[in-house]
Amino acid sequence: MGREDLSVTEREIRRRRSSLIMKSLIALLILVLAGLAALLLYETKFKVYNNPWAPQTGDLMESSESETQPQKRVSAQEQSLEAQANRLAAQYDYDAAIELLKGQPGFDRSDRRKILVASYEKTKAGCSPYAIDQITHVFFHTLVRDDAKAFDGDEDMDGYNQVMTTISEFNSIIQQMYNRGYVMVSMHDMVEVAEDGSVATKEIRLPAGKKPFVLSQDDCSYYHYMAGDGFAEKLIVDENGKVKNSYIEDDGSVSIGDYDVVPLIDTFVESHPDFAYHGHKGIVALTGYEGVLGYRTDEVYKTREAARLTGWQTKFLEEHPDFDFEKEVAEAKAVADAMRAEGWEFASHTWGHINPAARSLEQVQTDTERWRDWVQPVVGATDVLIFAFGADISDWTPYSHENAYFNYYKSMGFNIYCNVDGSVKAWVQIGSDYMRMGRRNLDGYRMYYNPGLLEDLFDVETAWDDNRPTPVPQM
Ligand SMILES: [Zn+2]
């Protein structure tokens with residue numbers, strides 16, 4: 001009996017002890033949870049500088065000024081400085097962001113700035129280099145603004161259906177690529193070209209999950225044949241200094257807006273600055289024979305040499321009796337300057353949209369000189385040649401100085417060369433004095449016939465514009 005009683009008591013003691021331990025554990029757990037909740041509340045609500053350079057921070061600071069006490073004391077000047085530094089950091093240029101703040105007088109006395117700098121340094125330390133030869137390159141032609149006009153059954157419809165992309169498709173593609181972590185870089189972020197023409201690989205460092213890509217647009221000329229087919233008329237600089245498109249409506253009135261790649265990307269980057277590495281945007285490949293960017297800046301519009309004027313050009317000049325060549329050039333230059341200031345670059349697409357390998361070297365020289373004489377003065381010099389027709393001056397094997405075309409183009413200052421290869425995700429070839437890059441066409445043809453080849457970039461079904469006639473004609 002006694003032994004039994006004892007063992008009962010012992011069991012009771014053990015039970016109570018384990019219940020006490022359990023209660024203590026629960027109490028501890030509650031404490032830890034409460035602590036975590038408090039930390040979370042602090043991080044999200046009270047600690048203003050948690051992830052302080054998130055893209056929206058600048059806007060938040062302005063709009064929530066009245067609600068958030070600590071920011072009331074921050075001057076407008078300080079806010080604009082921080083917004084500027086935050087934007088640099090959001091575009092992965094941590095060094096410039098840090099330099100901007102450290103370069104201000106009184107940096108040592110500003111805790112806010114020190115906290116910001118520390119946060120930039122922390123994010124920078126977490127970045128890693130992306131393999132340069134794995135960078136993908138996508139391109140578009142002029143975007144279709146009015147599907148009904150582009151796909152109206154006329155003789156140009158099939159071509160538009162094959163190689164053009166509509167605005168709704170473009171917007172979906174860009175949003176999807178952004179959601180997947182894609183970040184626009186320049187090909188000049190990939191390689192450094194030295195004074196002597198030698199080329200060396202550079203480093204692109206990005207936070208985890210971010211993937212660099214190159215964006216290009218071909219034939220941003222608003223060619224005569226496209227008038228009335230639902231495309232923008234030209235690029236312009238609006239009263240706020242922004243690059244926009246003009247579009248001629250049916251009643252002849254002119255609308256101004258985002259109707260093509262350049263202004264659409266500019267507007268997207270305004271709200272998604274982290275889409276543009278160091279603020280770099282795309283590269284626009286230009287021919288010259290009908291001018292650039294919608295401006296009729298070629299020699300023939302000046303000389304009106306009958307032997308060289310095409311039917312389109314004659315018609316244009318007849319319809320525009322007050323055409324002023326110098327004014328046209330000045331306007332085009334203003335657009336090109338505004339684009340460069342916004343992070344855009346220009347490439348040669350050859351003056352005459354030629355496949356150089358199918359021409360004599362002499363013809364290639366004439367073509368290149370025309371680009372140098374009539375396009376370069378408007379958009380500035382470039383060392384990038386984006387071949388027309390997806391052509392190239394050699395097969396996939398490295399360029400050699402045995403190749404007269406390469407020797408000539410190199411002597412004319414071209415260091416970076418692009419062809420078209422939609423079959424692979426990335427095609428980058430870096431030689432001792434050049435870089436070559438394959439590009440992927442994101443157009444009706446590719447989306448219709450090879451949606452699987454685009455899976456790493458975007459979902460075709462989501463992007464597809466149902467106004468596009470099917471089947472897309474075979475090439
Ligand atoms: Zn082209």
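Is S348 buried or exposed? S348 is buried, with 28 other C-beta atoms within 10 Å; a residue counts as buried if 20 or more other C-beta atoms lie within 10 Å of its own, as exposed if 12 or fewer, and as partly exposed in between, with C-beta atoms placed from the backbone.

The model is predicted: local features need pLDDT of at least 70, side-chain atom pairs count only at pLDDT 80 or more, and totals for chains, interfaces and linings use all residues. Residues are numbered from 1 along each chain as its sequence is written.

**Strand 12 and S348**

S348 lies in strand 12; helices (H or I, at least four residues) and strands (E, at least two) are DSSP runs, numbered from the N terminus. Strand 12 (residues 345-348) is covered on both faces, with E345 and A347 buried on one side and F346 and S348 buried on the other. Strand 11 (residues 283-286) pairs with strand 12 in the parallel sense over four bridges, where pairing requires that DSSP finds at least two bridges between two strands. In this pairing, L286 stands opposite S348. Leaving aside residues up to four places away in sequence, S348 touches L286, W371, T382 and L385; contact requires C-beta atoms, placed from the backbone, to lie within 7 Å. One of these residues, T382, is 34 residues from S348 in sequence, and the C-alpha atoms of the two are 7.2 Å apart in space.

A separate description applies to an open sheet of three strands, which has the order 8-9-10 and antiparallel pairing. Its edge strands are strand 8 (234-237) and strand 10 (254-257), each of which pairs on one side only. On average, neighbouring strands of this sheet are turned by 40° against each other, direction ignored. Axes here are lines fitted to C-alpha atoms, for helices over the stretch in contact, and angles run from 0 to 180 degrees between N-to-C directions.

The two pairings are set out below.

| Strand pair | Sense | Bridges | Bridge partners |
|---|---|---|---|
| Strand 8 and strand 9 | antiparallel | four | V237 and V243 |
| Strand 9 and strand 10 | antiparallel | four | S246 and I256 |

The hairpin of strand 9 and strand 10 has five residues between the strands, and G252 takes a positive phi near 90° in this hairpin. Two helices also meet strands of the sheet. Helix 10 (residues 261-271) packs on the sheet and touches strand 8 and strand 9, its direction making about 135° with that of strand 9. Helix 13 (residues 325-341) lies across strand 8 and strand 9 and runs at about 75° to strand 8.

**Helix 4 and its surroundings**

Within helix 4 (residues 94-102), the residues Y94, A97, I98, L100 and L101 are buried. Seen down the axis of helix 4, these buried residues fall within an arc of 160°, so they line one face of the helix; the arc is that of the directions from the helix axis to the C-beta atoms. The cover over the buried residues of helix 4 includes helix 3 (76-90) and helix 5 (111-125).

The axes of helix 3 and helix 4 come within 7 Å and cross at roughly 160°. Helix 3 and helix 4 are therefore roughly antiparallel to each other; angles under 35 degrees count as roughly parallel, over 145 as roughly antiparallel, 65 to 115 as roughly perpendicular and the rest as oblique. Their contact is made by Q84, A85, L88 and A89 of helix 3 and by Y94, A96, A97, L100 and L101 of helix 4.
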